[in-house]
Amino acid sequence: MNFDFSDDQKMLQDQARKFLAEKSSRKVVRDVLNDTGKSYDLALWKGVAEQGWLGAAIPEEFGGLGLGGLEQCVLAEEVGRAVAPIPFSSTVYFFAEALLAAGSAAQKKALLPKIVGGEVVGSFAISEGPGAPSPSAIEASFDGAKLSGVKIPVTDGDIATHAVVLAKEGSGLSLVLVDLKQAGVKRETLTTLDPTRGHAKLTFDKANGERLGKAGEGWELAEAVLDRAAVLIAFEQIGGAQACLDMAVDYAKGRYAFSRQIGSFQAIKHKLADMYVAIELGRSNAYYGAWALSTESAQLPLAAAAARVAASDAYYFAAKENVQTHGGMGFTWEVDCHLFYRRAKLLAVQAGGPSVWKEKLVRRLELKNAA
Amino acid sequence: MDFNDSSEEAAFRAEARAWLEKTLTHQNVRNAVRIDGPEGLKIAKAYQTKKVEAGYAGLTWKKEVGGRELAPIFSVIFGQEEAKFQAPTGPFAIGLGMCIPTVIAFHSADRIKRYVGPALRGEEIWCQLFSEPSAGSDVAGLKTRAVRDGDDWVINGQKVWTSGAHYSDYGILLARTNPEKEKHKGLTMFVLNMKAPGVDVRPIHQMAGGSNFNEVYFNDVRIPDAERLGEVGNGWNVALVTLMNERLAVGGSSGPEYAEILELARNTPAPGGKGSLLQDQAFREKLASWYVSAEGYTLGKYRTMTALSKGQTPGPESSIGKILNANRMQDLANAAIEAEDHFGIIADPAIAPMQAAFQNAYMWAPGLRIAGGTDEILRNIIAERVLGLPQDVRVDKGVAYKDLPGGR
């Protein structure tokens, strides 16, 4: 039994934490938040590329580090803890994973090395309107060469160089790889709950695209990408939730009311203990997801759903109760609680919301029981 | 990461499983865990004796007291295998898990020799006498008095929630020896002979109907000073050693889980009248949450096992398990009963779905949320020992026990 990360992986995590504490300081995050013209920090993005993180799981033949899913997980946790304002998840968990899963040799050769270097910023475009996407409701269409339709919102779509787009093709769905720097693509920046990450509405008007994977397999491929991304996002969520708990504990020790540390009141203690329980529950489920991810286990779909459900619940709970613990201070712009409260919501809905994943979980549980 | 045993652990597990298969073949033995009364106890004692002969008792204990000095992970592995066979270990859990380790840590050499062997072989059963009617979560506020009289101590008072007192031979008893001191500092621990004159054991009739615990009354019970555990006035520190083991012991869930309620839902109509409850979206969301909680608990135990494997000591984090399991059991049982609708009120195992497992769980869950540390005390423990938050303001600090409100 070894249900833990290795010493090497923990060392990588430790390095990542130190790096991000400096390069993704709260000031860096706030600069992106306060500057409406800016939706990521370029210096941080370049720094992360230099560290090799963008290619952590990309094979060495494409310039990556050739590490595995477990290394991605520890990095994701730190990115989440730092609320890093970079298109890391869009590029690494979604775009690169989609290429690795379904890309042709030529597509991989053209794009993976540039992902490693940070020149290619990816995005993953599924959503077209309110509610969870379903196969029959997708309107964007692809004819084998040209893509037309609207995707909204696309996380990091305002700064991405490329997108993987889910579109109709004939009677089925396909994934389409699109270079966003072309005349057939219109981008409109969106105002969102989390301005530390960019969002756009992408309109495709006979834009040039090429199929990623086989025609008609788009939905299944997207689901597979989402399963892997769900585990990695779960680690971001756990990192963010843990940062909330750490903040709340510090504040509860230092803040006095009625001439006592507020952390000595059971109403606060029990709230923070509940945050700890929710985070540990999320962490244990996320660890299992990490194991399933790294071993390509048949358990991945169920494990990913459990990780996603537990981590989404944990981050929302920790983020809102962190604000509550800070009292009126927590409701101010200057105190950092809202950075996490914002990011918690983005991460909870970005790859399908909690209800969607609870439904996936139960469906997969039924399949497992039937098998 | 991997979920496999090390080769040494795997060999031990295989050897343990082979022994269990050979030893627990008879249906009576496997069912003894459910038999209340002298017959079940006899079977359990016989099994415990065989465990000692085969070298599976006291796995982590020192060799000088009859143990094997193995790492804690081997004890966990053996426990997992035993659980699969429903081994009748219940009557010994408190004695071997909590009382005897305390005896070994604090008693005199000749007394250790006297008590450990018979307890290990299942010949003598032990219970723990801490809680009192007016001292539950605040156990250090207990009233039971021990007064020195020559070479003896004379005990008067009452304990409550004593599991197995009615079949126990010995118990460890926490009593107040000095009410002039602060409440934590006036306590002393003793070994009590449960058959001594003046010890009166009475069963508690629980809200669920059964009787698994007792009240124990002491009326001028005499305990020789040679049966004192640790120094006079050091009883609280002795008790902490005992309690450290308790929350690990009371952690597991024993009720129906998501698999059972999934099965129930498959065969129960949905509230809207269309299809089964399993097709009902509100129910499916709850099912997902129970799954995440149950799996998270199991996976958390794997993390604890990993820490044990590496020779680390698991901390109070394991308090999480009991909070999760007891509350999930209550919620899940409640939801199942509501899903059965009016029929859910039927608790007759011959009629109610799954032999009334959900109705039983509904009535048991309130006790689980209290036993071995209430939800609230466990949250305090997490807050103070894991998160490092300050203690609540104490009105009993620096005050003699006799001067406390409620103290006497």
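What percentage of the 371 residues in chain A is buried?

1. For chain A, the buried share comes to 56% of the 371 residues. Bear in mind that this is a predicted model.

2. Chain A is built from eleven helices and nine strands. Taking contacts in chain A with a separation of 6 or more, 75% are between residues 24 or more positions apart.

3. Now the interface. Here 38 residues of chain A are in contact with 36 residues of chain B. On the chain A side, α7 (218–254), β9 (260–261), α8 (266–294), α9 (300–330) and α11 each give two or more residues. The largest share is from α8(A), with 16 residues. By class, that side of chain A divides into 20 nonpolar, eleven polar and seven charged residues.

4. Helix α11 of chain A (residues 354–370) packs with helix α9 of chain B (residues 281–309) at an angle of about 75°, the axes being 8 Å apart. Angles of 65 to 115 degrees count as roughly perpendicular, so that is how α11(A) and α9(B) lie to each other.

5. Who meets whom in that pair? From α11(A) come Ser355(A), Lys358(A), Glu359(A), Leu361(A), Val362(A) and Leu365(A), and they meet Arg284(B), Glu285(B), Leu287(B), Ala288(B) and Tyr291(B) of α9(B). Sorted by class, this contact has six nonpolar, one polar and four charged residues.

Key. Residues are numbered from 1 along each chain as its sequence is written. Chains are lettered from A and ligands numbered from 1 in the order in which they are written. This is a predicted model: local features need pLDDT of at least 70, side-chain atom pairs count only at pLDDT 80 or more; totals for chains, interfaces and linings use all residues. Axes are lines fitted to C-alpha atoms, for helices over the stretch in contact, and angles run from 0 to 180 degrees between N-to-C directions. Helices (H or I, at least four residues) and strands (E, at least two) are DSSP runs, numbered from the N terminus. Angles under 35 degrees count as roughly parallel, over 145 as roughly antiparallel, 65 to 115 as roughly perpendicular and the rest as oblique. Two residues are in contact if their C-beta atoms, placed from the backbone, lie within 7 Å. Ala, Val, Leu, Ile, Met, Phe, Trp, Tyr, Cys and Pro count as nonpolar, Asp, Glu, Lys and Arg as charged, and the others, Gly among them, as polar. A residue is buried if 20 or more other C-beta atoms lie within 10 Å of its own, exposed if 12 or fewer, and partly exposed in between; C-beta atoms are placed from the backbone.
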